[in-house]
Amino acid sequence: MLQGIAASDGIGLGRVMLLEEHSLVYSDLPPADPKAELLRFQGAMETFCKNTAKQAELLRRSAGHKEAQILSSHIQMVSDPYFQGEIEKRIAEGQRAEAALDQICQLFIAMFLASGDDMTQQRAADIRDIRTALLCVLLGLKEIEVTKAPKGTVLVAKEISPSVAAGINPKNIVGIVTEIGGRTSHSAILARALQVPAVLGLPGSTTLLKPGSFVIVDGTEGQVIPEPDGEVVQAYRQRRARFLRRRRQLNKLRGAPTQTASGETYGLYCNISKPEDAEKVLEEDGEGVGLFRTEFLFMDRERLPGEEEQFAAYKRAAAVLGDRPLTIRTLDLGGDKALPYLNMPKEENPFLGLRGIRYCLQHPEILYTQLRAVLRASAWGNVRLMFPLISTPEELWAGRALLEKAKVELTAQGMAFDPHIPVGIMVETPSAALLADVLARDADFFSIGTNDLTGYMLACDRNNPQISGMFSSLQPCVLRTIRHIVQQAHAHHIPVGMCGEAAADALMAPLLLAFGLTDFSVAPASVLTVRNFISHWSLAEARLAAEAVMAMDTEEEISRYLRQRPETQPL
């Protein structure tokens with residue numbers, strides 16, 4: 001049995017089709033005519049854009065609009081004046097088109113990988129895909145195609161690029177295995193959208209899994225079983241049947257309220273990063289947006305977005321959602337998210353440095369522009385505003401003061417907005433948790449960010465493999481902190497939600513219900529799963545489970561107890 005990363009749920013049984021990469025070897029000799037070479041490159045760009053547009057349309061039909069945007073963004077990237085200009089500059093100086101392209105792509109790849117942020121690092125995968133596709137055009141090579149793969153095929157590759165994924169037929173491809181990639185990679189996102197079981201990050205898989213050999217791909221557990229015997233095959237066929245039955249049962253929850261077995265109702269919202277993601281919220285039956293990460297509007301560009309551009313983005317999301325809430329988090333920079341064009345100073349410990357609301361308050365002109373845009377968008381829907389990484393009451397007060405200034409100015413200009421727009425905060429620092437009673441006096445709602453809160457409470461970097469095993473929201477100190485935050489929110493009669501990964505954890509569900517959480521915000525693809533495991537618990541049973549858990553001393557003990565509960569078992 002081989003262990004990788006569980007990236008897309010489900011079980012697939014089939015035969016290996018190995019996707020071998022082109023060598024992409026090119027000559028380093030300078031071109032005889034730089035002007036002709038420039039024309040050759042520009043022709044390759046035109047061909048690339050046409051091919052990519054066709055692939056995006058295929059992906060839209062098979063996976064959806066959001067997933068197709070991954071490929072559409074490749075066209076935007078290569079059309080970027082800086083990207084294209086730097087390549088053409090090198091060609092004019094006497095480099096071959098292939099060498100110039102390669103150098104600029106490697107420059108961007110290194111820059112994105114150095115960010116330390118999962119989402120930014122995915123841009124490196126985009127650039128790798130662009131590099132491969134453009135080099136194939138320049139070298140006259142045919143890109144890898146999977147459209148003719150027979151039924152019962154397991155794709156095995158170093159990496160499944162979006163351009164390759166565009167040709168995947170889910171009726172024929174029963175599993176995906178790659179050497180690199182994780183749950184947030186494009187390979188994982190596309191596999192989940194196509195509902196194909198996938199195990200990623202399995203080193204050596206292209207060597208260990210032989211073409212034509214029979215394998216089992218368990219995308220739920222992250223396991224690959226080469227050449228299983230008949231007994232194992234039969235067991236996994238039964239597990240696959242159970243999984244498909246569970247998926248059908250989840251679909252029955254579409255349109256249903258998010259309720260416990262005893263009838264208590266909760267809000268079940270989604271986390272999004274782009275305005276077009278609001279459409280995915282409706283597709284997946286989300287009840288609104290609990291977190292709009294606006295920093296992605298500021299990325300992959302050379303300057304800050306202006307008020308009109310931001311207003312258009314927020315308005316678009318609000319209009320799509322209608323009466324459903326849209327919670328817009330103000331710019332959350334710093335830590336693992338930096339913008340090159342802002343020339344942010346390098347810090348020894350960026351996670352304890354100038355990040356979140358701290359950065360914005362030191363650069364109030366950036367925050368003020370965003371607040372005006374959010375206020376204007378509030379006239380078009382049920383918009384809520386949220387400040388990130390609040391540590392002190394003074395930070396909340398300063399943010400509110402800027403908001404009031406923006407309201408006065410917009411009123412004087414005759415612009416429409418919701419004067420009573422709710423203003424909440426992310427509770428994700430130990431200081432905010434301990435001061436929850438104070439902060440609740442001036443916040444209209446809380447949203448618990450368990451990713452940062454867990455890291456800060458445990459002084460643990462979840463990306464450090466030497467200690468990442470400690471990182472768990474089921475640690476007793478984290479659970480006590482969450483309970484305290486919720487208690488203080490209730491004491492001050494404000495709603496309290498959660499938008500971290502713990503909100504979609506079946507083991508956390510009874511504890512969050514018992515503590516009194518009022519809403520959950522998760523990835524759109526997790527909506528029905530979360531609705532399902534909430535429905536398994538009555539509030540009385542959840543409180544009994546929480547009482548038992550809060551008397552325990554270790555994460556291991558808590559996790560073992562919750563895993564043994566029948567309510568946490570899959571359908």
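Colleague: Which backbone oxygen does the side chain of N271 reach?

Modeller: That of C499, at 3.2 Å. Bear in mind that this is a predicted model: local features need pLDDT of at least 70, side-chain atom pairs count only at pLDDT 80 or more, and totals for chains, interfaces and linings use all residues. Residues are numbered from 1 along each chain as its sequence is written, and side-chain values use heavy atoms, with hydrogens and water left out.

Colleague: With which side chain does N271 make a polar contact?

Modeller: With S521, at 2.6 Å. A polar contact is a pair of N or O atoms within 3.5 Å; within protein, one must be able to donate a hydrogen and the other to accept it, and residues adjacent in sequence count only if both atoms are side-chain atoms.

Colleague: Is N271 buried or exposed?

Modeller: Buried, with a relative accessible area of 10%. Buried means under 20%, exposed over 50%, partly exposed in between (1.4 Å probe, protein chains only).

Colleague: New topic. How many disulfides are there in the whole structure?

Modeller: The search finds 0. A disulfide here is a pair of cysteine sulfur atoms within 2.5 Å.
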